[in-house]
Amino acid sequence: MSSCVTGHGIALTLLFSFQILHHVKITGGARGCGLAFARGLAEAGANVAIFDVVDPDTTFYAIEKEYSVRTAYYRVDVSSPESLESGFSQFQKDFNNALDICVPCAGINRHLPFLEFTYNDHHDLVSINMIANGTKHGSIVLVASMASHIAVRSQLCSAYCGTKGAVRAMCPAIAKELAEYFPHLVQGWESEAMNGRIAEPEDIMGACVFLASDANDEGYSTRGPVDASTTVVVVGAGPAGLMLACNLARFGIDVTILDDRPDKTSTGKADGMQPKTIETFKQMRLADPLLRNAARVYDISFWQSTADKPLHRAGRQEHYPERLVGASDPYILLAHQGMVEEVLIDDMEARGVFVMRNSRFTSCSRVAGTGQLDIAYEDLASKTIKTIRAGYLVGCDGARSKVRECIPDAQLEGEVTNASWGVLDGVIDTDFPDLWSKVAVRSDQAGSILWIPRERNMTRLYVQLSETDGERVDRSKATPEYVMRRARDAMRPFRIEWKTIEWFGNYVVGQRVAKRFMDSEARIFIAGDAGHCHSALAAQGANTSMHDSFNLAWKLNLVIRGLAKPSLLSTYEEERQKIAYDLINFDAEHCKAFSQGEAALAKNFDENIRFISGVGAEYSQGLLNRGRTAISTPLQPGTLQLPAKVTRYIDANPVSIQLDIPMLSQFRIYFFIPDVAKALGFLGTICEALNNATGMGKVSSRASQSYATQPQGAAPSDAFIQPQRYTTVSSVFTYAMVTQSSKSEFEIADLPKVLQDSRWTLYLDDIDSPRCTDKWFGSLQSEQVGIVIVRPDGYVGSINTWELTAGTEAGKWIGDYFAFMM
């Protein structure tokens, strides 16, 4: 490879203030310029793979160890499509299909006079030097030469000069074609020959790193002064966006929430809160207004008509049977979406965060040389474009999300069916006997109907207008009058009339999931309908959406505060995309069952009722859900806490263990101690390990400093919650003990200091039968201790049992779990 490439003597000490945390592919990287580029990019933090037909110089193999990056060499002839395809396929497997920067350096030179150059010499040189490379995301660094436009005395190869001239000429055309992705072009040469000599590879190594780095402005902001700055911008003030913003405000993270509507939802839309969502609102201490004003549904009845039998009740069952679900709130809570929004908005506003109404998100760009984003929105009142600079952007802006467009390769994938439903909220006058139950109706003549009791004496009716396999109803025909007529036809011989109609909607059933829930830099995310679309029949949309946000909020808090590694954020996509796929798979079967009648629908409910309730939404093994125990325990990593009643030691109050500790973005570590007196030695050893100056003690110290400078968002209602009771030992770990010993058998002063300071989370397991211990662990012997690590969102992170002599090992086990925070 020739080194006849113009370069500039830029000091690498300046260039390496940039950081490139990407995957780089360099063709012709075994020596010369390619090898220099490999070394420079590795020093900037990139993983580097090279393609070449010759073995790399020995210095290449030192790169991996010297810069602590990953390197790989592939023997590839770039003039051979077969060799190139084979090499790239292997690269994709080895690097998880991630390519961020491509540097085509493969080239040959033949130092021969023009008249002695053969046809084959020309063909070989052009086919290699002009090999095409491209990608729609990341950086492409093309290498030309001053010999492309200046007659260099020592460059005895006209064909070589021609190919480099072609590379130079290609750049403007490529840039124009890819202007959407590469908006800022490199400035022209300041002079025809820099440094007064032909460049050495080291001269242009820095230029290559610069072009591949964030500082090159590729896809980055060139806006003028920003109008405001914040840490997180949330787009969309529906349930998902408000749940996220509300939690971030509580955690003390600066957040701005944009919404293009002039006011919150006033009627209709999502209306059903499942048992797990009710539990979440209780954990946030926000459930009371909804419990007071919403309707509740405990049962479901199935009605159907056939060709030889009029409409009749075919069955009735408990909606959330204890044997299948075990929810502490075994009912659906029914209230229109605006009531849920209002609860979250009131809590946010009490903490000083307000929704920015009439604000339509328009675009997002990256700020050169930083991890920041410039987020543009249109102020619909003043009709001006404004800019907010932020660290993170989260799109909770629905199925037609514009934020999703800012994440490469994040398009919705799946199917849109022909099934169409009309939705009516209103007060009904009818002689139908099951008006106040949830009712699934299947008519042999007029399709299906789902009845849902609602607040303020209303009823919601989902009325099937067309089936999956049928012809879709024209949207212009889907009027309230048409839907009411279909409902009357389906409900014969019962009378049904509407006294009032508060809201009407129409939707087409589809099951789709976004291919990505976040960008590769973990700066832009989507949640809710922006990430998954499905039918409304099982009341899953708002519930799943709010738990997307609930999952993301505490992870953002810990990463933003520097209390967890940024890799924690990747678990958001891993976990919530898995739930989204579970949801659309269930939804497709659920919609199909509606069309098949009572037996199929009842079977579908029984098989999926835990998932429908939210209790059965479970995560797979991963960074946060570890170690399915060899000993079988009812509680497993990736599942939710099982509800149980215990007595709070300090005030003898009976409490629900899964609700008693408020959600403060902290992990909870429960010690299950059958016999306190026997376990004091174990507790002393493990508590000393947890509170030392290294490991978890160090994390707690950092957390104290963070919350001292950036406190949690306070509200007057906190006076009744007393959150400081749960953060006396640590702002990120709340320690709790559950024991079968009676209150008379030990004093708080007998316990290690960590547990003495955790006096509000000491519990007596003396209420439920079976006990909480048995529900969570099965059986636990008096010579054993059970430990459960519960994540900030209420999911079990890990669970295990220990002998009383294993306090040191148990402490190490806990420390190993929290390695991502150390």
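**Figure 1. Helix H13 and the lining of the largest cavity.** Helix H13 (541-560) contributes five residues, the most from any element, to the lining of the largest cavity in this predicted model. Helices H9 (275-283), H14 (570-594) and H15 (598-613) also give two or more residues each. Helices are DSSP runs of H or I with at least four residues, strands are E runs of at least two, and both are numbered from the N terminus. Residues are numbered from 1 along each chain as its sequence is written.

**Figure 2. Centre of the largest cavity.** The largest cavity holds about 180 Å³ of space. Among its 18 lining residues, Asn543, His547, Arg576, Gly614 and Ala617 are the closest to its centre. The lining comprises seven nonpolar, eight polar and three charged residues, with Gly counted as polar. A cavity is a set of points on a 1 Å grid over the protein atoms alone where a 1.4 Å probe fits but cannot get out, and lining residues have an atom within 4 Å of a point. By this rule there are nine cavities of 30 Å³ or more.

Figure 3. Thr761 lies in the loop between helix H20 (753-756) and strand S31 (762-764). Thr761 counts as buried because its relative accessibility is 2% (buried: under 20% relative accessible area, 1.4 Å probe, protein chains only). Its side chain reaches the backbone oxygen of Tyr735 at 2.6 Å. Leaving out residues up to four places away in sequence, Thr761 touches Ile661, Tyr726, Thr734, Tyr735, Ala736 and Met737 (contact: heavy atoms within 4.5 Å). Side-chain values use heavy atoms, without hydrogens and water.

Methods
Predicted model: local features only at pLDDT ≥ 70, side-chain atom pairs only at ≥ 80, totals over all residues. 1 Å grid on protein atoms, 1.4 Å probe; cavity = no way out; pocket = protein on both sides within 12 Å on 5 of 7 lines; lining within 4 Å. Points joined across faces, edges and corners; volume = space filled by probe spheres on them. Buried < 20%, exposed > 50% of the residue type's maximum accessible area, 1.4 Å probe, protein only. Polar contact = N/O pair within 3.5 Å; in protein donor to acceptor, adjacent residues only side chain to side chain.
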